[in-house]
Amino acid sequence: MKDHARELKTAARRGPRPAKADGESDVRAKIAGMEDADRVLAERFHEIVRATAPHLTPKLWYGMPAYARDGKVVCFFQSAQKFKTRYATLGFSDQAHLDDGTLWPTSYALTALTADTEARIVALVGRAAG
């Protein structure tokens, strides 16, 4: 919650400046501050999202790199370090277009990036970004 409050204050101080450029630098700075294992995964996830769904706007969301459509978060990267868990997580909000019947996953554990994993992430992000 402290991270989110800080993000709101930073956005308010910036005023009407273009949010996309500010969000990009904020997300890159957050990723650069991660431990090696999380940083490698987050950097690649960032590249995948930017290539697959360039219309999504990067921003920080509760201290996590996130990507939004019309100001609402669609997907995010949750580092293992931040939450003291054994794996990083790729998450999708209710704004993601991933609905599949009455039950579907909204988050995925990520421990390594292989070609198959990257292909699945590309497909998920593409579908979520709709």
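Q: Where is K84 found in this predicted model?
A: K84 sits in the loop between α4 (80-83) and β4. Its phi is near 50°, a positive value in a residue other than glycine.

Q: Why does K84 count as exposed?
A: Exposed means over 50% relative accessible area. K84 has 76% relative accessibility, so K84 counts as exposed.

Q: What makes D70 exposed, and where is D70 found?
A: The relative accessible area of D70 is 75%, and the cut-off for exposed is over 50%, so D70 is exposed. D70 lies in the loop between β2 (64-69) and β3. D70 also has a positive phi, about 55°, although it is not a glycine.

Q: Which residues meet where α3 and α5 touch?
A: From α3 come R44, F45, I48, V49 and T52, and from α5 come E118, I121, V122, V125 and G126. The residues of this contact divide into six nonpolar, two polar and two charged.

Q: How many aromatic pairs does a search of the whole structure find?
A: The search finds five.

Q: What makes the pair of W61 and F76 tilted?
A: Their planes are 50° apart, and the ring centres are 5.0 Å from each other. Stacked would need planes under 30 degrees apart and edge-to-face over 60, so 50° leaves tilted. W61 lies in strand β1 (residues 57-61) and F76 in strand β3 (residues 72-78), so the pair ties together parts that are 15 residues apart in sequence.

Q: How do you know whether W61 and F76 are buried or partly exposed?
A: Buried means under 20% relative accessible area. F76 has 11%, so F76 is buried. W61 has 23%, which puts W61 in the partly exposed group.

Q: Why is the pair of F92 and Y108 called edge-to-face?
A: Edge-to-face needs planes over 60 degrees apart. The planes of F92 and Y108 are at 90°, with ring centres 6.1 Å apart, so the pair is edge-to-face. F92 is in strand β4 (residues 88-92) and Y108 in strand β5 (residues 107-110), 16 residues apart.

How values were computed. Residues are numbered from 1 along each chain as its sequence is written. This is a predicted model: local features need pLDDT of at least 70, side-chain atom pairs count only at pLDDT 80 or more; totals for chains, interfaces and linings use all residues. Side-chain values use heavy atoms; hydrogens and water are left out. Contact means heavy atoms within 4.5 Å. Helices (H or I, at least four residues) and strands (E, at least two) are DSSP runs, numbered from the N terminus. Ala, Val, Leu, Ile, Met, Phe, Trp, Tyr, Cys and Pro count as nonpolar, Asp, Glu, Lys and Arg as charged, and the others, Gly among them, as polar. Rings of Phe, Tyr and Trp (its six-membered ring) pair if their centres lie within 6.5 Å; planes under 30 degrees apart count as stacked, over 60 as edge-to-face and the rest as tilted. Buried means under 20% relative accessible area, exposed over 50%, partly exposed in between (1.4 Å probe, protein chains only).
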